[in-house]
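Hi there,

Here is the structure I promised to pass on. Have a look at it first, and my notes follow below.

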Amino acid sequence: MASPATSSAILVVVLVATLAAGGANAATFTITNRCSFTVWPAATPVGGGRQLSPGDTWTINVPAGTSSGRVWGRTGCSFDGSGRGSCSTGDCGGALSCTLSGQPPLTLAEFTIGGSQDFYDLSVIDGFNVGMSFSCSSGVTLTCRDSSCPDAYHSPNDRKTHACGGNSNYQVVFCP
């Protein structure tokens with residue numbers, strides 16, 4: 001059996017390792033509609049989707065360790081009381097709360113929430129449907145107002161991914 005001193009030392013090492021591994025926190029995404037029309041933002045793999053009237057804001061918490069996350073705006077949507085319907089752009093299988101990626105055209109904010117660094121970008125590879133800006137609390141703001149957006153990926157070979165300090169929060173603005 002280990003001595004009390006050895007057991008205490010092992011406990012301290014395990015505690016420090018646990019705290020170091022748990023250093024990444026959830027990120028808060030604040031999504032704002034500055035358009036003159038309603039946008040139905042969607043977010044996967046967490047968040048789902050909802051209606052966002054002009055001037056409204058939606059906040060979602062994205063857990064640390066989330067990879068391949070996406071936020072996009074849907075336009076021209078109509079849903080019934082059960083959340084079934086369709087959108088002219090960005091539709092995700094006719095659901096208000098998306099579990100699938102949207103259908104083109106759609107302007108995408110893409111992200112990975114990790115440990116000491118997060119990564120984020122804008123993409124118009126699948127087309128452009130609504131102006132968007134995307135920023136993290138410790139990085140640059142990326143803005144797309146039209147399909148020629150210089151801040152966005154236009155093809156998979158573009159190098160437009162940005163790093164952000166871990167434990168950052170994010171802003172998505174439609175019609176910046």
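Where does P105 lie? This is a predicted model, and in it P105 sits in the loop between β7 (85-86) and β8 (108-112). The peptide bond leading from P104 to P105 is cis, its omega being near 0°. There is also a cis bond from T44 to P45, with omega near 5°, and P45 belongs to the loop between β2 (40-44) and β3 (48-49).

Two backbone phi values may interest you as well. Most residues other than glycine have a negative phi. S68, however, has a positive phi near 55°; this residue is in the loop between β4 and β5 (69-74), and it counts as exposed because its relative accessibility is 60%. C175, not a glycine either, shows a positive phi of about 60°. C175 comes in the segment after β14 and is partly exposed, with a relative accessible area of 23%.

Now to the sheet. Its 5 strands are ordered β4-β1-β14-β10-β11, forming an open sheet with mixed pairing. β4 (57-62) and β11 (141-144) are at the edges with a single partner strand each, so one side of each has no neighbour in the sheet. On average, neighbouring strands are turned by 15° against each other, direction ignored.

Strand β10 (residues 132-136) runs antiparallel to β14 (residues 170-174), and 5 bridges join them. With β11, β10 is also antiparallel, through 4 bridges, and a hairpin of 4 residues connects β10 to β11. S135 stands opposite Q171 in β14 and opposite T141 in β11.

Definitions and conventions. Residues numbered from 1 in each chain as written. Predicted model: local features only at pLDDT ≥ 70, side-chain atom pairs only at ≥ 80, totals over all residues. Heavy atoms only, no water. Pairing = 2+ DSSP bridges. Helix = DSSP H or I, 4+ residues; strand = E, 2+ residues; numbered from the N terminus. Axes fitted to C-alpha atoms, helices over the stretch in contact; angles between N-to-C directions. Buried < 20%, exposed > 50% of the residue type's maximum accessible area, 1.4 Å probe, protein only.
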